[in-house]
Amino acid sequence: MSYEAHFKVWRGDADGGSLVDYTVTVNEGEVVLDIIHRLQATEAADLAVRWNCKAGKCGSCSAEINGRPRLMCMTRMSLLDPAEPVVVTPMRAFPVVRDLVTDVSFNYAKAREVPSFVPPQGVGPGEYRMQQEDVGRSQEFRKCIECFLCQNTCHVVRDHEENKPVFAGPRFLMRVAELDMHPLDGAAEAGIDRKRGAQEEHGLGYCNITKCCTEVCPEHIKITDNALIPLKERAVDRKYDPLVWLGSKIKRRV
Amino acid sequence: MSRTAREAWDVVVVGAGGAGLRAAVEARERGMRCAVICKSLFGKAHTVMAEGGIAASMGNVNEGDNWQVHFRDTMRGGKFLNHWRMAELHAREAPERVWELETWGAVFDRTRDGKISQRNFGGHEYPRLAHVGDRTGLELIRTLQQKIVSLQQEDHRETGDYESRLKVFQEYTVTRLLKDGERIAGVFGYARESGRFFAIEAPSVVLATGGIGKSFKVTSNSWEYTGDGHALALLAGASLINMEFVQFHPTGMVWPPSVKGILVTESVRGDGGVLRNSDGRRFMFDYVPDVFKEKYAESEAEGDRWYQDPDNNRRPPELLPRDEVARAINSEVKAGRGSPHGGVFLDVSTRLPAEDIKRKLPSMHHQFKELADVDITAEPMEVGPTCHYVMGGVDVDPDTAAAVGVPGLFAAGEVAGGMHGSNRLGGNSLSDLLVFGRRAGLYAAEHAASFPGAGRPVVSEADLEAAEAEALRPFGAEGGDPAVSEGPAENPYALHQELQQAMNDLVGIIRKGPEMEEALRRLTELRGRSRRAGVEGHRQFNPGWHLALDLRNMLLVSECVARAALERTESRGGHTRDDHPAMDRRWRRLNLVCRLNGDSTEPGADPLLGRVRLERREMPPIRDDLLALFDKEELVKYLTDEELTS
């Protein structure tokens, strides 16, 4: 069941780099990350890669496999054509540190800009009461493993460095939506308008709902349909956004 | 002259999983400036992989639950080797720690009346685990991460700097604790991205580095679990207890080979899944040990009724504590009744409707579909034991989490020992992280506050230079240091694989004296070769170098496990001796304590004795009011006659 695969792995750092060819054994049931590990153990001990759980739960091993943003630990080799080379490159939207490792600090900076959950006044620990149907939506968004593949693929920033300062990206717009849909979030009472914030601080208007983020999400979260479009709809009385109109049309059609 | 950059903080927390982050929140809220050292990116720690839930006796699903029942279950699960005071504090404080998470934004699954839902788990008398589907660890880590961010936002509003009082050093690894005399003075390590060294001076250091599973070949643990905190504590003069107790989770994936060991949550059984052998028999009914006979169902019919009517039926034996289930699976496979890939069958497909499975166990559904082409709503899973958790850890004061013998050092979570005795119940880990993470942060803050300015411990130049030299050794490894071990440079990956194989084969789930002696011989040899572990390239994000440094820790910790396991001539919890199969009440009173020999080169020393020294120590007697929570008939099974009469 084993075969020799042709891998092309990007090696380099901030000053530049190139694809390096490797021929490496692939066994039954393996994923791309297994192959990267085999390269480390046999011929490229210093090949830089991030990984932690190897079970699709931590979101560390994000990269682009044949140009498609994916988790290396959840990409089965059996999905790829054994006759074709497998090209592994770092996420494109973030600066390279070394080999497959990128500087993802953009995401941590954006996380800090979203106002946190505001505990409701007068409700103590142990007194929270919420119905399952009311928390389901927030829970869907909290499945996010922060692999940042959606941030990497979103065309608002993928090839537009200049948009980064004003655009939080799908992951953190979804975080705003999650808090906005939390049944007990006390932001409004504290004078925080999450919908206005999404528009004015986090660049919701830049999103033109092409659903690239949803397509690459390894957790299959419907980021566009369930987070971004509803957030646009709720923000609409604050500010006119033509895409909301378009979004509601698309949603009806599906 | 050292060129290592120095910073000064009040409290340094090493580790950014559940215990570390909870400690950091506490230290910061007590007014201390707190630095968190995070081996990976922030939010990726191993806690993220916890699936089933957080055990806390809130009584939301069954009002009969309270802290005393939780305490009892915990002691039974650990076969009474738990430090009773830790088990008491844990059971008392867990509900508060869970409720507090809701005020920080956690969104748990709900009961019909809107409270936090609680699920059944092995060894817990009542439904007790607060959960979010089967991704509870992710919820815990994200909530704590977001709480840290909210504190940073407060600091930003006040000081203009997010990191003025609470800073996370992402992708930093600590390789040495630094001391000033007997007291802790700070930490030394490297930043992965740049490869540069750093030192943080602080009067208080909290270890929250998790476990040691990466020393074993088949494990559910992530790459960070290399026993760093265990080894750092040893090297700083602290001691480890209970290292012979390693938990093999009964249900890890067994196929395909590349995913062997990945966890299959106990919730599968808590929600109705059953274990079968190749004959289709629910074999767990054949493996209920005497100490648990009265608590578990005798027939499949009774076990099945329990899910709906727990007051009038006993639980199915699939929900025995993990050590019992893991041993049973091992026996079935050895007897030739295993599944095609060397496990047994775990079936939920014939027990619950497909929609319920997808709702209650979404990650498992996803994991099996993507990695093994198995649809768990239509067919059984194949599972087998996987190294999951170490009960042993730093010897701490139960109330303050202070490491015994090293002022200023604290430990919480998996790296701390005592709480779980010889076997941890599922769900008791996440609650442990929160209860003792908070306590460690609190007492670390108090300790730091006792040094208002002058008089703080100081890091010495000589210690920094020694730490630098140690960390750089892999780059000059060719030929090695002939005084230590002569020979060519060694590949750190190959050494790691040999270590994992040795621990798996010789100090695994079922142990034998001669095999463990063989393991100690191999560890001695590997330790010699690991001094010559060499790497290519430069210091910037170089995984070969990182592994070469982690090897020191894995080897030290493995030696503790093997040495303690060889010494304990009984079977209890996570320690099973083929040559000493019975539990011995006399051993219940004893902890095995590991320390490092001060001088490993003393003349005439047996090289096999290595550097780890083992001592026996009596456990403190259990407080009377806690003993009174058990029936005499039950206590007789665990305590010696002498203990019972005194």
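The legends below accompany close-up views of a predicted model.

View 1. Chain B contains 19 helices and 20 strands, and its C-alpha atoms fill a box of roughly 75 × 60 × 60 Å along the principal axes. The radius of gyration of chain B is 24 Å, close to the 26 Å that the globule rule gives for 646 residues, so the chain is as compact as a globular protein of that length. Of these 646 residues, 60% count as buried. Among the contacts of chain B with a separation of 6 or more, 75% are accounted for by residues 24 or more positions apart.

**View 2. Packing of helix α1 of chain B against helix α11 of chain B.** Two packed helices are described by the angle between their axes and the distance between the axes. Here α1(B), residues 18-29, and α11(B), residues 428-449, pack at an angle of about 35° with their axes 7 Å apart, and their crossing is right-handed. On the α1(B) side the contact includes B:G18, B:A19, B:R22, B:A23 and B:E26, while on the α11(B) side the residues include B:L430, B:L433, B:F436, B:G437, B:R438 and B:A440. Sorted by class, the contact of α1(B) with α11(B) has 13 nonpolar, four polar and three charged residues.

**View 3. The largest nonpolar core and the surroundings of B:A411.** In soluble globular proteins, nonpolar side chains tend to be buried together. The largest nonpolar core has 267 residues, of which A:L173, B:V11, B:V206, B:L207, B:F410 and B:A411 touch the most other members. Helix α15 of chain B, residues 543-567, supplies the largest share of this core, with 15 residues. When neighbours within four places in sequence are left aside, B:A411 is in contact with B:L207, B:G229, B:A233, B:G393, B:V394, B:V396, B:A401, B:A403, B:A416 and B:A440. Of these partners, B:L207 is itself named among the core residues that touch the most other members, and B:A440 also belongs to the α11(B) side of the helix contact shown in View 2.

**View 4. The side of chain A that touches chain B.** In this view, 48 residues of chain A are in contact with 49 residues of chain B. The elements of chain A that give two or more residues to this side are α1 (32-42), β6 (96-98), α2 (105-113) and α3 (132-142), and α3(A) gives the most, with five residues. By class, the residues on the side of chain A that touches chain B divide into 23 nonpolar, 13 polar and 12 charged.

Terms used:
Residues are numbered from 1 along each chain as its sequence is written. Chains are lettered from A and ligands numbered from 1 in the order in which they are written. This is a predicted model: local features need pLDDT of at least 70, side-chain atom pairs count only at pLDDT 80 or more; totals for chains, interfaces and linings use all residues. Axes are lines fitted to C-alpha atoms, for helices over the stretch in contact, and angles run from 0 to 180 degrees between N-to-C directions. Helices (H or I, at least four residues) and strands (E, at least two) are DSSP runs, numbered from the N terminus. A crossing is left-handed if the near helix is turned anticlockwise from the far one by less than a right angle, and right-handed if clockwise. Two residues are in contact if their C-beta atoms, placed from the backbone, lie within 7 Å. Ala, Val, Leu, Ile, Met, Phe, Trp, Tyr, Cys and Pro count as nonpolar, Asp, Glu, Lys and Arg as charged, and the others, Gly among them, as polar. The radius of gyration is taken over C-alpha atoms; the globule rule is 2.2 Å times the number of residues to the power 0.38. A residue is buried if 20 or more other C-beta atoms lie within 10 Å of its own, exposed if 12 or fewer, and partly exposed in between; C-beta atoms are placed from the backbone. A nonpolar core is a set of buried Ala, Val, Leu, Ile, Met, Phe, Trp, Tyr and Cys residues joined through C-beta atoms within 7 Å.
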